[in-house]
Amino acid sequence: MTAVTGAVPAAPPRVRRRSSRSHAAILESTVDLLCELGFAGLTIEGVAARAGVGKSTIYRHWRSKAELVIEAFGSLIRTAPPVHTGDLRTDLVERVRNVSAVISSPPLAPILPSLLDAAERDPELAELHRQFTALRRRGVLDVLDAGMAAGTVAPGCDVELVADLLAGPVFYRRLISRAPLGPAFADRLVDALLPLITGSAPS
């Protein structure tokens, strides 16, 4: 059948809209089930039932449970680029507060421990963990690099070590000690490390 020139086909847009809705429903259902059951308890069958689609629909877009979880997880961590004020302490505190809030608030808070555990055995999830860590770490390194260029970070400062020292206590509190991760903690953590970062004597 020859298409009518200039006509706008009705069927494809409807198909695309249905596909888009199904895609979003699948990702949302995956996140919900990760919160409820963890990675080990999540199944493709469960996601399909929650999203109201067939298993074949899921396997048409994702080859494995890990691949589906990776995209669903990625949909949670897309954030606006952080603001750079140019003030070293202010920008570092903002980065620490942001990471603290992200990993201690739903929906990521109940998901993260399960994914970290699964990443020990699943190479795909291990790569997800690496990318998530690098993304959060990049914000701190950008601030430190800008401070180095502006002269507020001491020459020779090991910025990679400082990034570790800023992130370590945050993840320790979230995953091990379960101590609070409020804004005041970010202030205290950055202030404790500022002498190391700037090369000044502790006040």
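Predicted model: local features only at pLDDT ≥ 70, side-chain atom pairs only at ≥ 80, totals over all residues.
**View 1. Helix α8 carries a kink centred on Phe171.** Helix α8 covers residues 159-177. The bend at Phe171 is about 25 degrees. End to end, the C-alpha atoms of α8 lie 26 Å apart. At 1.5 Å a residue, its 19 residues should span 27 Å, so the two values agree.

**View 2. The buried residues of α8 are covered by other helices, among them α5 and α6.** Val159, Val162, Ala163, Leu166, Val170 and Arg174 are the buried residues of this helix. Their cover also includes α7 (123-150) and α9 (183-198).

**View 3. Helix α7 is kinked at Arg138.** The kink is about 30 degrees. The 28 residues of α7 should span 40 Å at 1.5 Å a residue. Its end C-alpha atoms are 40 Å apart, so expectation and model agree. Buried residues of α7 include Leu125, Leu128, Phe132 and Arg136. Further along, Gly139, Val140, Leu141, Val143, Leu144 and Gly147 are buried as well.

**View 4. Helices α5 and α6 pack at an angle of about 85 degrees.** Helix α5 spans residues 88-104, and α6 spans residues 108-119. Their axes are 6 Å apart. Angles of 65 to 115 degrees count as roughly perpendicular, so α5 is roughly perpendicular to α6. From α5, Val102, Ile103 and Ser104 make the contact. Leu108, Ala109 and Leu112 meet them from α6. Five of the contact residues are nonpolar, one is polar and none is charged.

Key
Residues numbered from 1 in each chain as written. Heavy atoms only, no water. Axes fitted to C-alpha atoms, helices over the stretch in contact; angles between N-to-C directions. Helix = DSSP H or I, 4+ residues; strand = E, 2+ residues; numbered from the N terminus. Parallel < 35°, antiparallel > 145°, perpendicular 65-115°, else oblique. Contact = heavy atoms within 4.5 Å. Nonpolar A, V, L, I, M, F, W, Y, C, P; charged D, E, K, R; others polar. Expected span 1.5 Å × (residues − 1). Bend = angle between axes of the 7 residues up to and from the residue. Buried < 20%, exposed > 50% of the residue type's maximum accessible area, 1.4 Å probe, protein only.
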